[in-house]
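Here's a quick briefing to read with the model open beside you. Have a look at the fold, then work through the notes below.

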Amino acid sequence: GLRLIMEKGVLAAHLSLTIHPFQADYLLPLFSMLKKNEIDFTSKNLVPFYFIYPLVLSSYGDFFFQNRSVMIIHSATGDKKNRIIKAVEARSAKKVIWVSISHDRTFYDEVDIEGYVGKADIAFIGAGVAKLILIQQLTVLNIPVVDIGFVFEVWNNPDLSNERPFCKLK
């Protein structure tokens, strides 16, 4: 899954150093693993992790939504699902296509995606670490697939926008 993303897309990796570091311990192992597996990383396929938050949450990202059919791949149900759909609709999406995944067995999910070919312009996914497996399944759609896991949490509960940088809603 990582190879697929690095070869066909862009990986937004959490490579920043912070006051209370946790990811710093993984920087050298990550780059060693990429090198060992002959996976090239450049400024074209590796960007900062926080980059996606302001792009999706602010008006700069309107082009993702306006007059587009937007697919959401997520495990939310009930009110949470409805709040996420309303947040996407509020961005002037033409259509929202919801694809449900399991909440706690996502590694084993096999999404029946064939029926969605040609129906969505972009897909947003929130699937934790299982995203690598699901993104591989979604390649048949031939559309951009963007992992915005925490953004879904902010759309569900705007108070969470204070929990991470660049997530403050307008």
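## A loop residue to start with

Asn67 sits in the loop between helix H4 (62–65) and E3. Helices here are DSSP runs of H or I with at least four residues, strands are runs of E with at least two, and both are numbered from the N terminus. Keep in mind that this is a predicted model: local features need pLDDT of at least 70, side-chain atom pairs count only at pLDDT 80 or more, and totals for chains, interfaces and linings use all residues. Residues are numbered from 1 along each chain as its sequence is written, and side-chain values use heavy atoms, with hydrogens and water left out.

**Positive phi angles**

- Most residues other than glycine have a negative phi, and most peptide bonds are trans.
- Asn67 isn't a glycine, yet its phi is positive, at about 55°.
- Is Asn67 buried or exposed? With 58% relative accessibility, Asn67 counts as exposed. (Buried means under 20% relative accessible area, exposed means over 50%, and partly exposed is in between, using a 1.4 Å probe and protein chains only.)
- Phe166 is another residue other than glycine with a positive phi, near 65°.
- You'll find Phe166 in the segment after H7, and at 54% relative accessibility Phe166 counts as exposed.
- Leaving out residues up to four places away in sequence, Phe166 touches Tyr50, Tyr53, Pro54 and Leu57. (Contact means heavy atoms within 4.5 Å.)
- Phe166 and Leu57 are 109 residues apart in sequence, but their C-alpha atoms are 8.4 Å apart in space.

**Where H5 meets H7**

- Two packed helices are described by the angle between their axes and the distance between the axes.
- Helix H5 (residues 78–89) and helix H7 (residues 149–156) have axes that come within 8 Å and cross at roughly 100°. (The axes are lines fitted to C-alpha atoms, for helices over the stretch in contact, and angles run from 0 to 180 degrees between N-to-C directions.)
- Which residues make the contact? H5 supplies Lys80, Arg83, Ile84, Ala87 and Val88, while H7 brings Phe152, Glu153, Trp155 and Asn156.
- Sorted by class, the contact of H5 with H7 has five nonpolar, one polar and three charged residues. (Ala, Val, Leu, Ile, Met, Phe, Trp, Tyr, Cys and Pro count as nonpolar, Asp, Glu, Lys and Arg as charged, and the others, Gly among them, as polar.)
- Asn156 of H7 counts as buried, at 17% relative accessibility.
- Neighbours within four places in sequence aside, Asn156 is in contact with Lys80 and Arg83.
- The side chains of Asn156 and Arg83 make a polar contact at 2.8 Å. (That's a pair of N or O atoms within 3.5 Å; within protein, one must be able to donate a hydrogen and the other to accept it, and residues adjacent in sequence count only if both atoms are side-chain atoms.)
- Asp79 is also in helix H5, and Asp79 is exposed, with a relative accessible area of 55%.

**His74 in strand E3**

- His74 lies in strand E3 and counts as buried at 5% relative accessibility.
- A polar atom of the His74 side chain lies 2.9 Å from the backbone nitrogen of Ala76.
- Beyond four places in sequence, His74 touches several residues, including Lys80, Ile84, Phe152 and Glu153.

- Leu134, Ile135 and Leu138 are buried in helix H6 (residues 131–138).
- Viewed down the axis of H6, the buried residues fall within an arc of 105°, so they line one face of the helix. (The arc is that of the directions from the helix axis to the C-beta atoms.)
- What covers these buried residues? The cover includes helix H1 (2–8), strand E3 (69–74), strand E5 (122–125) and strand E6 (145–147).
- Met6 is found in H1 and is buried, with a relative accessible area of 4%.
- Met6 touches Leu11, Leu34, Ile39, Asp40, Phe41 and Asn45, not counting residues up to four places away in sequence.
- From Met6 to Asn156 is 150 residues in sequence and 30 Å in space, C-alpha to C-alpha.
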